Amino acid sequence: MLSFESLSETAEFARKWVPFCKKYAIEPRAPEWYFSQKIDYLKDKVQPSFVKDRRAMKREYEEFKIRINALVAKALKVPDGGWVMQDGTPWPGNNIRDHPGMIQVFLGQSGGLDSEGNELPRLVYVSREKRPGFTHHKKAGAMNALVRVSAVLTNGPFLLNLDCDHYINNSKALREAMCFLMDPNLGKYVCYVQFPQRFDGIDKNDRYANRNTVFFDINLRGLDGIQGPVYVGTGCVFNRTALYGYEPPHKPKNKKTGFLSTCFGRSSKKSSKSSKKGSDKKKSSKYADPTVPIFSLEDIEEGVEGPGFDDEKSLLMSEMSLEKRFGQSAVFVASTLMENGGVPESATPETLLKEAIHVISCGYEDKSEWGTEIGWIYGSVTEDILTGFKMHARGWRSIYCMPPRAAFKGSAPINLSDRLNQVLRWALGSVEILFSRHCPIWYGYNGRLKWLERFAYVNTTIYPITSIPLLFYCTLPAVCLLTGKFIIPQISNLASIWFLSLFLSIFATGILEMRWSGVGIDEWWRNEQFWVIGGVSAHLFAVVQGLLKVLAGIDTNFTVTSKASDEDGDFAELYLFKWTTLLIPPTTLLIVNIVGVVAGISYAINSGYQSWGPLFGKLFFAFWVIVHLYPFLKGLMGRQNRTPTIVVVWSILLASIFSLLWVRIDPFTTRVTGPDIEQCGINC
């Protein structure tokens with residue numbers, strides 16, 4: 001009810017806000033962020049009426065916020081009899097787990113004009129049907145429902161996907177995406193155009209690497225040179241045809257003319273015959289170019305009959321075959337065959353609304369390919385990676401677009417607990433894909449996925465497993481300090497040269513990537529620090545939870561991550577502490593390594609100067625672990641520089657158990673070497 005009434009208020013505000021933005025080229029288009037900018041808003045504004053219109057619009061926006069806040073305050077207390085609509089009828093969605101599908105068109109039909117009489121973009125409220133006993137597939141199921149509703153009502157050939165906490169920061173970015181998708185040569189092979197994620201409200205030092213600049217500015221840019229970036233769940237413009245599970249058309253192979261074929265015409269004739277035969281095969285196969293609208297609505301309703309259609313194609317494209325693939329809706333099936341989008345001119349709004357309600361019903365996806373081959377793919381909490389992987393496996397390519405002004409901006413969790421829970425959800429999704437039939441190690445070899453792109457997807461799904469060796473690497477320095485043994489055995493000079501060469505090569509590669517992408521050394525270092533923090537906590541828990549789900553069928557529910565809000569001032573959210581078991585492993589490692597440093601130095605002091613040489617190597621690795629975990633330590637301390645008691649108790653307990661199991665140490669006792677009294681007696 002709150003979303004419905006808020007959209008109603010938004011539609012009224014849009015009648016004034018949209019023409020104001022168009023008239024004065026306002027950026028960003030989100031009014032909250034536009035009016036909160038601390039910049040000279042008169043810069044590049046030459047119209048004398050701008051100041052007057054801006055003041056009036058700001059007043060309108062403040063009144064709009066008051067109305068929205070009143071709706072929020074009203075929604076905090078649900079009436080005993082449930083919500084009631086303006087006409088006195090009960091709100092159909094009073095039971096959020098059991099209600100019919102609801103659609104309301106606020107803008108886009110009769111009356112959808114702004115204050116200057118121009119047509120406004122369509123604004124539709126959609127709430128899919130919810131019934132007990134049905135699996136609704138969370139975000140992926142909601143996205144698929146929206147794809148079907150939009151196909152029935154408008155059927156635009158392209159779709160923009162944004163998270164609810166994102167806003168359009170650069171309205172011209174959509175035009176840049178269209179340049180790729182509508183390119184006459186490239187566009188028919190492009191499944192989506194991905195934009196990098198940019199965030200507001202992050203602290204200056206980006207303590208927990210929320211900006212992910214290494215991923216967005218290095219990794220995804222590199223993938224753009226292979227088969228395109230992975231889909232990251234938001235800030236993406238889709239080709240609707242690619243979402244329907246079709247393959248892109250095959251690219252023509254341009255073979256270079258050889259010496260023999262130039263001299264003898266016979267070989268060229270032979271090749272032309274074979275290519276003609278191959279093209280005939282392609283035409284008759286089920287993977288013919290599906291983007292061409294071969295059939296009209298009448299053809300689908302009556303069945304495919306007539307000259308030019310053989311039995312195989314008639315069977316494939318018959319109404320029964322299409323409805324088995326897309327669901328029991330003739331109107332939606334017809335929309336999938338329209339290359340340039342649009343709805344039939346003969347269709348009335350009432351008919352389309354009735355059909356739109358039908359395609360968001362609970363049982364619509366039953367016995368269809370939705371969620372398995374069509375739309376957003378089910379089976380993982382990171383449905384974005386899985387959906388993009390299926391598209392690339394069919395042969396589509398994606399584009400990475402990085403305009404100078406960020407296309408979209410959103411919010412990010414800036415406190416430690418929420419950030420770790422977000423990383424846990426991402427890692428758990430990757431583990432689910434790794435242990436599923438869609439694992440990139442063995443899936444899609446009959447498709448057109450490039451090998452380097454496959455390696456990138458393998459890396460995307462297998463990275464949580466690295467938490468296991470990482471946990472050992474962070475523990476070994478403390479073991480060396482507490483047991484007196486060194487982590488690195490003695491190696492030959494040749495092996496030392498190979499080790500040093502490998503280390504320098506990796507280091508040089510990192511430097512070149514940073515110089516190429518423009519990522520600063522501080523951003524790279526923050527990414528390295530949080531990789532260790534997340535690796536020994538969220539990634540480790542994701543592996544355990546993923547194995548429990550696969551082997552024991554124990555499912556893990558996740559909650560939507562709370563995002564940053566700076567209402568309390570000075571990044572108050574950054575210092576907010578929320579208890580989670582993810583904090584225990586990094587805290588334990590910190591305590592163990594600090595205890596190891598103290599124990600190693602104490603032993604060296606009591607053993608003399610000859611023991612200091614080997615100690616420095618051990619201390620280096622221990623300090624290296626502590627430095628990587630330093631942002632985590634600051635997050636535990638909070639604003640008051642005090643670690644919560646429960647974290648200290650759990651960590652000390654685990655550190656003590658570890659010490660008792662692995663270590664036997666008494667550093668303050670003088671160690672004397674002498675004869676073995678048990679063998680030679682007291683007179684030796």
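**Helix 4 and helix 14**

I began with helix 4 (residues 138-153) and helix 14 (residues 349-359), whose axes come within 9 Å and cross at roughly 165 degrees. The cut-off for roughly antiparallel is over 145 degrees, so I noted helix 4 as roughly antiparallel to helix 14. I looked up the hand as well: helix 4 passes helix 14 in a right-handed crossing. On the helix 4 side I listed Arg148, Val149, Val152 and Leu153, and on the helix 14 side Leu352, Leu353, Glu355, Ala356 and Val359. I sorted the residues of this contact by class and got seven nonpolar, no polar and two charged. The model is a predicted one, and I keep that in mind for each entry here.

**The whole chain**

I then took the totals. The protein has 684 residues, and 43% of them count as buried. I find 26 helices and nine strands in its secondary structure. I also checked contacts between residues at least 6 apart in sequence, and 78% of these join residues at least 24 apart.

**Nonpolar cores**

Which residues touch the most other members of the largest nonpolar core? I found Tyr192, Phe238, Tyr244, Phe326, Phe332, Trp376 and Met391, in a core of 52 residues. Helix 4 gives the most to this core, with eight residues. I followed up Met391 and left out residues up to four places away in sequence; it touches Cys191, Tyr192, Phe238, Ala242, Leu243 and Trp396. There is a second, separate core of 34 residues, and I noted Leu583, Leu589, Leu615 and Leu636 among its members.

**Helix 20 and its partners**

I looked at two contacts of helix 20. For helix 18 (residues 467-483) and helix 20 (residues 521-535), I have axes that come within 9 Å and cross at roughly 100 degrees. Helix 18 and helix 20 are therefore roughly perpendicular to each other. Ser467, Leu470 and Cys474 of helix 18 meet Trp531, Val532 and Gly535 of helix 20. I count the residues of this contact as four nonpolar, two polar and no charged.

Next I took helix 16 (residues 416-434), which packs with helix 20 at an angle of about 75 degrees, the axes being 10 Å apart. This makes helix 16 roughly perpendicular to helix 20. From helix 16 I noted Arg419, Leu420 and Val423, which meet Phe530, Ile533 and Gly534 in helix 20. By class, I have four nonpolar residues, one polar and one charged in the contact of helix 16 with helix 20.

Phe13 lies in helix 1 (residues 2-24). I have its relative accessibility as 6%, so Phe13 counts as buried. Which residues is Phe13 in contact with, leaving aside its neighbours within four places in sequence? I found Pro31, Met57, Glu60, Tyr61 and Phe64. I also took the C-alpha separation of Phe13 and Glu63, which is 9.7 Å for residues 50 apart along the chain.

Thr382 is in the loop between helix 14 and helix 15 (383-394). For Thr382 and Ile433, 51 residues apart along the chain, I have the C-alpha atoms separated by 8.6 Å.

I placed Ser127 in strand 2 (residues 123-127). Ser127 is buried, with a relative accessible area of 15%. Again leaving out residues up to four places away in sequence, I list His99, Pro100, Gly101, Met102 and Ile360 as the residues that Ser127 touches.

**Backbone checks**

Most peptide bonds are trans, and most residues other than glycine have a negative phi. The bond joining Glu27 and Pro28 is cis, with omega at about -5 degrees. I placed Pro28 in the loop between helix 1 and helix 2 (31-35). Ala25 also lies in the loop between helix 1 and helix 2. It is not a glycine, and I have a positive phi of about 50 degrees for Ala25. Ala25 is partly exposed, at a relative accessible area of 46%.

His137 has a positive phi too, of about 60 degrees, and is not a glycine. I found His137 in the loop between strand 2 and helix 4.

Conventions: Residues are numbered from 1 along each chain as its sequence is written. This is a predicted model: local features need pLDDT of at least 70, side-chain atom pairs count only at pLDDT 80 or more; totals for chains, interfaces and linings use all residues. Side-chain values use heavy atoms; hydrogens and water are left out. Helices (H or I, at least four residues) and strands (E, at least two) are DSSP runs, numbered from the N terminus. Buried means under 20% relative accessible area, exposed over 50%, partly exposed in between (1.4 Å probe, protein chains only). Contact means heavy atoms within 4.5 Å. Axes are lines fitted to C-alpha atoms, for helices over the stretch in contact, and angles run from 0 to 180 degrees between N-to-C directions. Angles under 35 degrees count as roughly parallel, over 145 as roughly antiparallel, 65 to 115 as roughly perpendicular and the rest as oblique. Ala, Val, Leu, Ile, Met, Phe, Trp, Tyr, Cys and Pro count as nonpolar, Asp, Glu, Lys and Arg as charged, and the others, Gly among them, as polar. A crossing is left-handed if the near helix is turned anticlockwise from the far one by less than a right angle, and right-handed if clockwise. A nonpolar core is a set of buried Ala, Val, Leu, Ile, Met, Phe, Trp, Tyr and Cys residues joined through side-chain atoms within 4.5 Å.
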